[in-house]
Amino acid sequence: MSIWWSLHLRREAASVPLARRLLIGTMETAGVDPDISYDLSVALTEACANAVEHGGDAVPGASEAYRVTAYLDGEKCRIEVADTGPGLPRAQDFRPARADAEHGRGLCLIQELTDHVTIGAEPGLGGTVVSFDKILKWTKDPSLLTA
């Protein structure tokens, strides 16, 4: 089974739960194990929150939107969140936040909840693309297959 969707969302807080609910609903319907769905939904929430908070205000001409794309293909789910903000510092300059910090732990949380994370620039556009993968586990009775 292969499912793919992409959203262009305004950079506002209300867009984050919308993306999360769409992902959870898609996974539930496809028959993905609820624990895997939960991990991916938390990772998506963190990536979207970063796009909303950091995705464009400091850059003249930056878009007021960001993009979320999800691919469920075979045994893997890949999610990409792309914005047009100032981008992250170079990888060697990036320092994760302390465990007791109130902000700045989102990327570390994404790394803990998923199997593979890539953080880079949007080709030709600037901004940041956070892409993460997770191997899927399935329930015994997926709704999508019984409909």
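Let's start with helix 2, whose buried residues are Ile36, Ser37, Leu40, Ser41, Val42, Ala43, Leu44, Thr45, Ala47, Cys48, Ala51 and Val52. The cover over those buried residues includes helix 1, strand 2, strand 3, helix 3 and strand 5. Keep in mind that this is a predicted model.

**More on helix 2**

**The nonpolar core**
- The largest nonpolar core counts 30 residues, and Leu40, Leu44, Tyr66, Ile79, Val81 and Phe132 have the most contacts inside it.
- Two or more residues of this core come from each of strand 1, helix 1, helix 2, strand 2, strand 3, helix 3 and strand 5.
- Helix 2 gives the largest share, eight residues.
- Take Leu44: setting aside neighbours within four places in sequence, it touches Ala19, Arg20, Leu23, Val68, Ile79, Val81 and Phe132.

**The whole chain**
- The protein chain has four helices and five strands, running β-α-α-β-β-α-β-β-α from the N terminus.
- Of its 147 residues, 40% are buried.
- Looking at contacts between residues at least 6 apart in sequence, 67% link residues at least 24 apart.
- The accessible surface of the chain is about 8500 Å², with 54% of that belonging to carbon and sulfur atoms.

Methods:
Residues numbered from 1 in each chain as written. Predicted model: local features only at pLDDT ≥ 70, side-chain atom pairs only at ≥ 80, totals over all residues. Heavy atoms only, no water. Core = buried A, V, L, I, M, F, W, Y, C linked by side-chain atoms within 4.5 Å. Buried < 20%, exposed > 50% of the residue type's maximum accessible area, 1.4 Å probe, protein only. Contact = heavy atoms within 4.5 Å. Areas by Shrake-Rupley, 256 points an atom, 1.4 Å probe, with all protein chains shown as cover.
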